[in-house]
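Hi,

Here is the structure I promised to pass on to you.

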Amino acid sequence: MRKERKRQTILAAALDEFLENGFLGAGMDRVAARAGASKVTVYAHFADKQTLFDAVCAEAIAAAERAGSERVEALAASTDLPRDLRAFAREHIAGVTAPHLVQLRRMIIGEARRFPDLARAWHRGAPERGHATLARIITRLSERGLVRAPDPLLAAQHLNYLILSIPLNEAMFAVREDHDGTELRRWADEAVRVWLAAYGTGQSTF
C-alpha cells in the first residue's frame with residue numbers, strides 16, 4: 001500500500017513536470033523534488049523518463065475512463081434518453097477538454113514519431129475503448145426500441161464526435177479558453193439533438 005501511494009505521488013509530480021516543461025524539457029531530478037522523493041526512489045519505480053511518461057499517460061487515460069464510465073453505463077437503463085444523453089454530453093465535453101488532458105494530447109501528438117506505441121496506446125485507450133463501451137450501450141437501447149442503430153459502433157462514433165468536434169478542436173488549438181457554461185451546454189445539447197434526429201425513434205424524441 002505504501003509503495004503504491006509513493007508511485008501515485010511520483011506520477012502526480014511527473015504529470016506536473018511534463019505539463020510544465022514538455023517531454024524533452026522534463027527532468028527526473030525535478031520529478032523527484034516535486035514528489036518529495038529521492039532520484040533513487042523514482043528510478044526504483046520507473047526505469048527512465050520514457051517509462052515514466054508512458055505511465056503518466058496510461059494513468060490519465062484510465063482516470064478519464066473511470067470518470068465517464070458510470071454515466072455511460074447508466075444510459076442503458078435510461079427512462080428519459082434525451083435528458084440523460086444531454087447530461088452525458090455535457091460531462092463528456094468537460095472531461096475530455098480538461099486542461100491537463102488537452103496538454104497531454106498535444107504532447108503525445110507532438111511526440112508521435114518518437115513514441116508511436118504511446119500514440120497508438122492513447123488512441124486505443126481513449127477513443128477506441130470509449131466507442132466500444134458506448135456501442136454496447138447503444139445496442140441495448142436499440143433492443144429497447146429507443147434508437148435505431150444498425151451499426152452501433154458507427155453510431156457511437158457519430159455521437160462522440162458530434163459532441164466533441166467543436167470544443168475539442170478549439171481546446172487543442174487554443175482558439176478560446178474562456179467558454180462559459182452556456183456555450184458548452186449548447187454544444188452538448190445540439191449534438192444530442194442532431195444524433196437523435198438521425199438515430200432516434202418516436203420514443204426518444206428530443
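Below is what I found, going from the whole chain down to a few side chains.

Please keep in mind that this is a predicted model.

**Overall build**

Which kinds of secondary structure does the protein have? Along the principal axes, the C-alpha atoms fill a box of roughly 65 × 35 × 30 Å.

**Inside and contacts**

The protein has 206 residues, and 42% of them count as buried. Now take the contacts between residues at least 6 apart in sequence: 69% of these join residues at least 24 apart.

**Surface and charges**

The accessible surface of the protein comes to about 11200 Å². Carbon and sulfur atoms account for 54% of that area. As for charge, I count 29 positive and 26 negative side chains. How far apart do the centres of the two sets lie? The answer is 3 Å.

**Aromatic rings**

A pair of aromatic rings is described by the distance of the centres and the angle of the planes. The count here comes to four aromatic pairs.

Enjoy exploring, and write back with any questions!

Best wishes

How values were computed:
Residues numbered from 1 in each chain as written. Predicted model: local features only at pLDDT ≥ 70, side-chain atom pairs only at ≥ 80, totals over all residues. Heavy atoms only, no water. Phe/Tyr/Trp six-rings, centres within 6.5 Å; stacked < 30°, edge-to-face > 60°. Buried < 20%, exposed > 50% of the residue type's maximum accessible area, 1.4 Å probe, protein only. Contact = heavy atoms within 4.5 Å. Areas by Shrake-Rupley, 256 points an atom, 1.4 Å probe, with all protein chains shown as cover. Lys, Arg positive; Asp, Glu negative; His and termini not counted. Charge placed at Lys NZ, Arg CZ, Asp CG, Glu CD.
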